[in-house]
Amino acid sequence: MSKFLVLDVVFYGGSLNYDQGSGNYQELKKVTKWDGKQYTLVSRYALRYSILETAKRMGLWKTADADNLQKAGDGNKTVIQPSTELLLTGKILNYPEFDLFGYLITSTSPQNFREAPVKISHAISMTPFAYDVLFNANIGLANRMREKYGEMTPNPFTSEEHQTFYQYSIVIDVDRIGEIEVYLQKRGEIGLTDEKEKWKVDTVQKSENGIEIKLRTKKGEKVLSQVKECSSDIVELEKVYLLRYRLNDGKVVKDRIIQLIKTILNLKRSIKGREEDLTPKLLIVGIYNKHPYKTFRDKILLKDEYTEESYDEIIEEEQDGKKIVKVKHVISKSKKPVFEIAGLGNAECKELQENDVLDFVEKLFNGDEELSEVKVFYDSGIQVKKA
């Protein structure tokens, strides 16, 4: 059984993922839950995009540029996918976006897909959507046009709004990070980036520098060589070669996971001119080795509670030589959101600090003994209760 790292995340945000909408009405993505009510969501694709953009801005990751991507298919069935060269040389493992979150290559040869070792759920709002909307118009631009045309015809639009807590989960299959398998058909045809002519597989062999794939056309030959960051092996089957690539340095895998956690702890989302802060208000971290993992996504309940205290404050002061005593009645209300979590057992709960989270996760990489441990980290602006 593999090592797993599970993150259950609660964050606060507003209007984070819009659907196609219709006309001048901008509709939030929504889903109907078991209670028959509608809840807004942030799709896993939107979360993945924001994770990649945040990691780039933090200087943690680079994403593949256009030279390493490939258009495949025809007409409106054209898809954008990692290039064939990126796949066959193992270079694809150098990019966390493909190594962690997988890919699908179907419209070229060889076809290949990678099931994501890092699985992200949709983020679902923790309170129902109440159909709050905001009416808008581009009055500034329209007013300037009036100076030229004598009339003002703004473009009004209505957008749905929802400010609330959202929760999602990330499940990381640690042992699957940093390695891929590619099936390559013997004498099969290969379409390389920006080339209409198909290349034919001539030979596939190991050299001192790793796997070399020799391709031929009527015009000549070309050799694709694996990148130095990977080790590899070849299994020759009846009709195909099975190529296995894995990252040489195991530290890269650990660093990649740590970088992902740092990104989650500092996650931002840019949408419609807003910069939304998706940093966790509540983070439940589970580390597992040789043990089934679990998540708490359906065990976190946002409760409507607050605390209230009242007291009398005595104020003494002098006015016109006379001593005045005032009694001031003060009521203090603390309305922190309360999250009740079921099934935590003896799990420790402590205030969220990045170093504490990373120190806890470090245990997953030290040793190979059976491990099943959960810790709860929370922001000072909320309260946590065990159910």
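Here are some questions and answers about a predicted model.

Reader: Which strand gives the most to the lining of the largest pocket?

Author: Let's start with the pocket itself, which has a volume of about 430 Å³. Two elements give two or more residues to its lining, strand E10 (123–125) and strand E24 (300–303). With three residues, the one that gives the most is E24.

Reader: And what are the residues of that lining like: how many are nonpolar, polar and charged?

Author: The largest pocket is lined by 16 residues, and Lys-33, Trp-34, Gln-167, Ile-300 and Leu-301 lie nearest its centre. Sorted by type, the lining has three polar residues, five charged and eight nonpolar.

Reader: What about Glu-27 and Lys-30: which of the two counts as buried?

Author: Their side chains meet in a salt bridge, at 3.6 Å from N to O. Glu-27 has 31% relative accessibility, so it counts as partly exposed. The cut-off for buried is under 20%, and at 19% the buried one is Lys-30.

Reader: How many residues apart are Asp-368 and Lys-290?

Author: These two form a salt bridge, with their closest N and O atoms 3.3 Å apart. Asp-368 is in the loop between helix H6 (354–362) and strand E29 (371–378), while Lys-290 is in the loop between strand E23 (282–289) and E24. Asp-368 counts as partly exposed at 46%, and Lys-290 is partly exposed too, at 41%.

Reader: How many salt bridges does the structure hold?

Author: Some salt bridges share partners, and these join Glu-181, Asp-233, Arg-244 and Arg-246 into one network. For the structure, the count of salt bridges is 29.

Reader: What accessible area do Ile-314, Val-325 and Val-327 have together?

Author: These residues form a nonpolar patch on the surface. One of them, Val-325, lies in strand E26 (residues 322–334) and counts as partly exposed because its relative accessibility is 49%. Together, the accessible area of the patch is about 310 Å².

Conventions
Residues numbered from 1 in each chain as written. Predicted model: local features only at pLDDT ≥ 70, side-chain atom pairs only at ≥ 80, totals over all residues. Heavy atoms only, no water. Patch = residues over 30% accessible without salt bridge, like charges linked within 9 Å, V, L, I, M, F, W, Y side chains within 5 Å. Areas by Shrake-Rupley, 256 points an atom, 1.4 Å probe, with all protein chains shown as cover. Salt bridge = Lys/Arg side-chain N within 4 Å of Asp/Glu carboxyl O. Helix = DSSP H or I, 4+ residues; strand = E, 2+ residues; numbered from the N terminus. Buried < 20%, exposed > 50% of the residue type's maximum accessible area, 1.4 Å probe, protein only. 1 Å grid on protein atoms, 1.4 Å probe; cavity = no way out; pocket = protein on both sides within 12 Å on 5 of 7 lines; lining within 4 Å. Points joined across faces, edges and corners; volume = space filled by probe spheres on them. Nonpolar A, V, L, I, M, F, W, Y, C, P; charged D, E, K, R; others polar.
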